[in-house]
Amino acid sequence: MSKKAWLGVDVGSISCKVVVIDENDRILGAIYRRTRGRVVDAVREELDTVGRAIGGRVIMGCGTTGSARRFVGALLGADVVINEITAHVRGALSLHPEMRTMIEIGGEDSKIVLLRGGVPVDFAMNTVCAAGTGAFLDQLASRLGIPINQLGELATASTEEVEIAGRCTVFAESDIIFKQQTGHSIEDILAGACRALVRNYLNDVGKGKPIVSPILFLGGVAGNIGIREAFTEALGAPVIVPEHYNVMGAFGAALVAKLEQRAASAMRSIEQIQASDFHVESFVCPHCENACEVVRFVEKGQGMGYLGGRCGRWQEEDAEAPIPVRAV
Amino acid sequence: MNHFTFSWGSNYIAVRGLLRALGHELSSPPRITPAIVQRGIELAHPFLCFSGKLVLGQIAAQLEKGDRRLAFMSSLGPEACRCADTCDYMDSLFGGYTGFSAHRFGGGSFDQALANLRSHFGPSVRRHQVVKAYAAFLGKVDLIHKVEKRCTALRCLAATPGRVRELKREALQRIDRAAGPAALWRVSRWFDRGAGSLPLREEGPALRVGVVGGEHILCELDSIMAVIEETAERGIFLDWRGGFRLLARATRASLEPLKEKCRGHLHGAPSTSEVFSCAHAVDFIREGYDGLLHVYAFGCMPQTAIKPILQRMAASAGVPLLSLSIGDRFAEEGLENRLEAFIDLLQARKGKGVGK
């Protein structure tokens, strides 16, 4: 009898993460890559890698999460589609059941989840600004002409404390220019920016939240040692960065797919997904003055599913009206 | 020439009832679309709250269509919102439209309301006409509130949420057409029969969530709030006790018991909006609701002020609270994400007996 595997896919604003687990919830393979705006292509390419990595195992189920969870779910024929807060909690708790605070910082989102006795009791996400997220670091690296993966290491070489105004990425950039003009080293500026991101996170997402150890730090930004050190300094407590810190959402989605496994998975084979001409279109519903923007998943010229619309008509009907569409 | 107004959800229907009782007609306001939101953002001061921007966007859309006579009801009693009495602001924004006039109804007492109506429609307005007009207005406000509240509950409890949406649509149309108290009573009976005949799910609500927040944004159940209402279809009993009805019905005397509930939480001279939110949160916590959902318009100062107070109340009671700021930088995706995660959190807590 073939061995089994479950797939979790987390597609966010910046990156795509894929995890495959076995019967014992062990991670067989994990992939993290930047999508560069080409989500469907990125998922297809990662699945190709996964297909080779799992060998003869049979994929029994699939879960998707992240901001693109619904349309990636439609592409894959996912069995479960869950929000990324729940997915991260499920993944992290499975590996660290003692966790009491989860900090997650991704490309444009940041979150905090408080847990007591293995149960989430409170959470918060960033509100209307991405200044405390990976986007801030991307902007900073681009401005200074530094590869993003070297930013943290350089920050740890800082010798002098420099304050950067991190409340807003635009103002931070102005401040960085000023600090460069006044002769501060790149290392000191980077360390100041790391502290600014952490300060911003704690004053926005973490405001009023009792942050208690053990503290897990997840998301792509957790790979940045400068940010890790800034958190440790600001919190006065160590932050734990687990091995699979940047794919924990995908891991959680795979765990939920396994837990809620159906008799027969709806997931399509990797070959079917690779061969599909799946794409996403949007149109403005013409049926009333609400003029809702509706997203349609299309394959072989047929609508496979719809998102959006306030009245629910597109989810209830399969009507294929000839409506002008534009590619997303 | 018709009057026009902004929507505040379906409550323009009640303003139309008031005007019809006085022999005037009211155009239907346009639905809130991204274009209208954008227009409001362009017009408004950046720090005006999101509800205010929606209102200005709708007014502008109608002015550009040729309507000129703005009729709006802010409150019959104390204002919930410090920004609601904005006639001067509207004049400064829209004074360039030839013939523009703003008619603000309401007032703190019957005599003030009468004086307001006479200043707009002339001294021929009689006292009995005013009584009839406000009876129509309040009757429709009450019935709209009943329909919206019951339908939100039924979206959780009924086996066929699609039929609930149809019932609500039809009920609002009937309320709009109803002329006089007898007709409204018949609509109310018709609605009760329709709601009572809907087949219910076998299982009761999985969770009970109390909704508090800015009264103006909570009015927008048909537009911005639609995403939140959809949550009910996951078996979540959503209860909100505010909205336009509360504004229309509030008097200084009726606020006293609410202020009493807020004792120990609010100090000084809190705004009416803060009193509503705090008092309802006290009730929801006392009644053992599983969670609190705080919905407010981005930029609303009273609701920004009440947010940390609600957080403290919820934390000390061990009840999870999610604060959702609805604004022009809001995306439905982000809203859905937070709501789903909040419901998952409440379910996980309930499953493990936390907080009980």
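Modeller: Start with pLDDT, the predictor's confidence in each residue, from 0 to 100. Helices (H or I, at least four residues) and strands (E, at least two) are DSSP runs, numbered from the N terminus. This is a predicted model, in which local features need pLDDT of at least 70, side-chain atom pairs count only at pLDDT 80 or more, and totals for chains, interfaces and linings use all residues. Residues are numbered from 1 along each chain as its sequence is written, and chains are lettered from A and ligands numbered from 1 in the order in which they are written.

Colleague: Which elements of chain B have the lowest and the highest mean pLDDT?

Modeller: Helix H9 of chain B (residues 215-218) has the lowest, at 70. Helix H8 of chain B (residues 181-196) has the highest, at 96. Chain B averages 85, and 90% of its residues score at least 70. For the complex, the predictor gives an ipTM of 0.74 and a pTM of 0.81.

Colleague: Why is H5(B) called roughly perpendicular to H6(B)?

Modeller: Helix H5 (residues 110-121) and helix H6 (residues 127-157) of chain B pack at about 105 degrees, with axes 10 Å apart. Axes are lines fitted to C-alpha atoms, for helices over the stretch in contact, and angles run from 0 to 180 degrees between N-to-C directions. Angles under 35 degrees count as roughly parallel, over 145 as roughly antiparallel, 65 to 115 as roughly perpendicular and the rest as oblique. So H5(B) is roughly perpendicular to H6(B).

Colleague: What makes E8 and E10 of chain A edge strands?

Modeller: The open sheet runs E8-E7-E6-E9-E10 in chain A, with mixed pairing. Two strands pair if DSSP finds at least two bridges between them. Strand E8 (119-125) and strand E10 (239-240) of chain A each have a single partner strand, so one side of each lacks a neighbour in the sheet.

Colleague: How do you know that E7(A) and E8(A) pair?

Modeller: They share 6 bridges, in the antiparallel sense, against the at least two required. A:Lys111 stands opposite A:Met125 in E8(A).

Colleague: Why is A:Gly117 called exposed?

Modeller: A:Gly117 lies in the loop between E7 and E8 of chain A. A residue is buried if 20 or more other C-beta atoms, placed from the backbone, lie within 10 Å of its own, exposed if 12 or fewer, and partly exposed in between. A:Gly117 has 9, so the residue is exposed. Of the 328 residues of chain A, 47% count as buried.
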